[in-house]
Amino acid sequence: MSQETSALHDSRGERLAALVERRWATICVLIMAVFVAVAAFAGIHQATMPQARVETVSPTRLHLGGEFVETNLGSAVEPDGSVTVRAIGQEYSFTPQCMIVPTDTLITFRAASPDVIHGFLIEGTNVNAMLVPGYVSTIAARFDTPGDHLMPCQEFCGVGHEGMWATVRVIDRADFLKMAETKPRLSCVE
Ligand code: CUA
């Protein structure tokens with residue numbers, strides 16, 4: 001190969017390499033632009049759209065009437081066989097202090113706060129929510145094995161925060177249903 005042909009060869013190769021490089025750079029920028037657009041759309045969409053389901057409740061009238069009066073708190077068996085647990089988190093305790101639920105059942109926790117933000121966290125599960133005054137927090141859960149779970153408040157709510165906790169007791173479904181026959185609202189508060 002003469003020197004000239006090889007030089008021609010080299011510059012042709014360089015041009016090809018540069019072309020391929022530019023093409024890939026363009027593709028990379030396009031991919032990044034798509035990701036940024038998706039993230040921006042998701043963020044703006046979430047910020048501008050109302051939440052799918054927001055339930056409000058007057059925090060100052062929680063104890064006076066409606067779903068969260070004291071006699072309605074605790075666990076209730078629903079017609080479809082699921083169990084609803086209604087609870088209040090207030091400075092500095094939960095009511096009921098001990099919640100009882102059956103195994104192998106869809107459990108719906110419905111909780112509210114009359115004062116400040118509290119946490120609703122059941123240890124050993126993925127239940128972790130906030131109780132925001134003015135709103136009903138609804139959390140679904142299912143427990144496979146009987147046992148006690150600690151439920152500490154995990155949002156700083158004041159000087160008594162450290163002492164704010166409850167227990168969630170999981171018992172056998174058959175035992176639970178037997179208890180529920182005689183009492184419409186169950187708890188394990190002694
Ligand atoms: Cu309630 Cu921290």
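This is a predicted model: local features need pLDDT of at least 70, side-chain atom pairs count only at pLDDT 80 or more; totals for chains, interfaces and linings use all residues.
Arg169 forms a salt bridge with Asp148, and the closest N and O atoms are 3.0 Å apart.

Three strands make up an open sheet, in the order β4-β10-β9, and the pairing is mixed. Which strands stand at the edges? They are β4 and β9, the latter covering 147-152. Each has a single partner strand, so one side of each is left without a neighbour in the sheet. On average, neighbouring strands here are turned by 25° against each other, with direction ignored. Strand β10, residues 165-171, pairs with β4 in the parallel sense, over five bridges. Coming back to Arg169, the residue standing opposite in that pairing is Ile100.

How many disulfides does the model have? The count comes to one. This disulfide joins Cys98 to Cys188, with an S to S distance of 1.9 Å. Cys98 sits in strand β4, residues 98-102, while Cys188 is in the segment after α2, the helix at 173-182. The two cysteines are 90 residues apart, and their pairing links distant parts of the chain. The torsion about the S-S bond is about -90°, so the disulfide is left-handed. Are the two partners buried or exposed? Cys98 is at 8% relative accessibility and counts as buried; Cys188, at 9%, counts as buried too. Two further cysteines can be mentioned here. Cys157 is buried, with 7% relative accessibility, whereas Cys28 is partly exposed at 40%.

Back to charges. Side chains of opposite charge can pair when their charged atoms come close. The model has four salt bridges by count. Arg110 is in strand β5, residues 107-112, and counts as buried at 12% relative accessibility. One of its partners is Glu55, where the closest N and O atoms are 2.7 Å apart. Glu55 is in the loop between α1 and β1, with β1 at 74-77, and the two residues are 55 apart, so to speak, in distant parts of the chain. At 27% relative accessibility, Glu55 is partly exposed.

Arg110 also meets Glu67 in a salt bridge, at 2.6 Å from N to O. Glu67 lies in the loop between α1 and β1 and Arg110 in strand β5, so this pair ties together parts that are 43 residues apart in sequence. Glu67 is partly exposed, with a relative accessible area of 24%. Which residues does the salt-bridge network link? Glu55, Glu67, Arg86 and Arg110.

Last, the nonpolar surface. Leu16, Leu19, Val20, Trp24, Ile27, Ile31 and Phe35 form a nonpolar patch there. Together they have about 700 Å² of accessible area. One of these residues, Ile31, is placed in helix α1, residues 3-48. Ile31 is partly exposed, with a relative accessible area of 45%.

That is the end of the tour.

Methods. Residues are numbered from 1 along each chain as its sequence is written. Side-chain values use heavy atoms; hydrogens and water are left out. Patches are made of residues with over 30% relative accessible area and no salt bridge: like charges are joined within 9 Å, nonpolar side chains (Val, Leu, Ile, Met, Phe, Trp, Tyr) within 5 Å. Accessible areas come from the Shrake-Rupley method with a 1.4 Å probe; for residues, only the protein chains shown count as cover. A salt bridge is a side-chain nitrogen of Lys or Arg within 4 Å of a carboxyl oxygen of Asp or Glu. Helices (H or I, at least four residues) and strands (E, at least two) are DSSP runs, numbered from the N terminus. Buried means under 20% relative accessible area, exposed over 50%, partly exposed in between (1.4 Å probe, protein chains only). A disulfide is a pair of cysteine sulfur atoms within 2.5 Å. Two strands pair if DSSP finds at least two bridges between them. Axes are lines fitted to C-alpha atoms, for helices over the stretch in contact, and angles run from 0 to 180 degrees between N-to-C directions.
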